[in-house]
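Take a moment with the chain below.

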Amino acid sequence: MAARRGNGDRRPTVLMVHGGCWQSSIADRRLMDWACADLRDAGFAVWNIDYRGVDRSGGGYPGTFRDVARAADLLRIHADDQRLDLSRIVAVGHSAGGHLALWLAARPRLPAGSPLATPDPLPIAHVVSLGGLPDLAAVEASPDNGCGTDVIARLVGDRPDRFADTSLPCLLPIGVGADLLNGREDRIVPARMAPAYAALARAAGDRVLLHETGDTGHVELISPGAGAWTMAVGLVRRAVAAR
């Protein structure tokens, strides 16, 4: 079943953010090509963005975050010629991309003095985080996470209040609903992370729903044909339809 049209004949739009532990040597946007193709076949327009990881020149703080923000904001330039519906953009992020997708939704909450703050960030209506890592302090304190702990210092920089404009718990409430989908057999993201973040977000007033799927690791969350990915597409479809 194709996704229904948004405003007039404009296409519902998904903003896709790849993972890879915030490191370009592990993954770039090509990792999401199969998932993006499946979403396009389902009737969505997909904006698959890239960014410099902490292992590239200019990556880390603030470069990685500025890359993600600029890539998202460029979507406006193509909205008319591609007939894109930007009234209800759903951001989908996998792994580290789950953190960045939520961060994009939280940009209006960035402290005014932050180098990452911009006056008119692209509005995100909903986030679907697939095996995401939204709480950077929790990742840094968790040696059992598959990305390791050292990467966080490279991502947020050595500065006071380094999580204030980078980690989701410091930006709550973000005022944007989210679905957190995780696999029970995920060896990259510890099982406690999604429920812990959901509890913080709900306490702050955000609407966050948790979803778990069995016999599912980390990669299956973005693998067309896998039950977890089918569930993810359903969550996107529901978010687009919730007007």
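Leaving aside its neighbours within four places in sequence, which residues is Asn182 in contact with? The list holds Gly131, Gly132, Val189, Ala194, His211, Glu212, Thr213 and Leu221. Contact here means heavy atoms within 4.5 Å. Asn182 sits in strand β5, residues 177-183. Helices (H or I, at least four residues) and strands (E, at least two) are DSSP runs, numbered from the N terminus. Asn182 is buried, at 11% relative accessibility. Buried means under 20% relative accessible area, exposed means over 50%, and partly exposed lies in between (1.4 Å probe, protein chains only).

A word on the model. It is a predicted one, where local features need pLDDT of at least 70 and side-chain atom pairs count only at pLDDT 80 or more, while totals for chains, interfaces and linings use all residues. Residues are numbered from 1 along each chain as its sequence is written, and side-chain values use heavy atoms, with hydrogens and water left out.

Now look at Thr216. It lies in the loop between β6 (208-213) and α7 (227-241). Thr216 is buried, at 4% relative accessibility.

Next come the cysteines. A disulfide is a covalent bond between the sulfur atoms of two cysteines. Here it is counted as a pair of cysteine sulfur atoms within 2.5 Å. The structure holds one. Cys21 and Cys147 form it, with sulfur atoms 2.1 Å apart. The link is left-handed, with -80° about the S-S bond. It joins distant parts of the chain, 126 residues apart. Cys21 is in the loop between β1 (11-17) and α1 (33-41), and Cys147 is in the loop between α4 (136-140) and α5 (150-156). Both ends are buried: Cys21 at 9% relative accessibility, Cys147 at 10%.

Cys36 is buried, at 2%. Cys170 is in no disulfide either; its nearest cysteine sulfur, that of Cys147, is 19 Å away. Cys170 is partly exposed, at 48%.

Move to the nonpolar interior. In soluble globular proteins, nonpolar side chains tend to be buried together. A nonpolar core is a set of buried Ala, Val, Leu, Ile, Met, Phe, Trp, Tyr and Cys residues joined through side-chain atoms within 4.5 Å. The largest has 55 residues, and those touching the most other members include Leu15, Trp103 and Ile124. Helix α3 (residues 96-105) gives the most to this core, with seven residues. Setting aside neighbours within four places in sequence, Ile124 is in contact with Leu15, Ile89, Ala91, Leu104, Ala105 and Val176. A second, separate core of 24 residues includes Ala35, Ile222, Val233 and Ala239.

Last, find the lining of the largest pocket. Among its residues are Cys21, Leu31, His94, Gly146, His218 and Ile222. A pocket is an open set of points on a 1 Å grid over the protein atoms alone, where a 1.4 Å probe fits, with protein on both sides within 12 Å along at least five of seven lines; lining residues have an atom within 4 Å of a point. Cys21 belongs to this lining and also to the disulfide.
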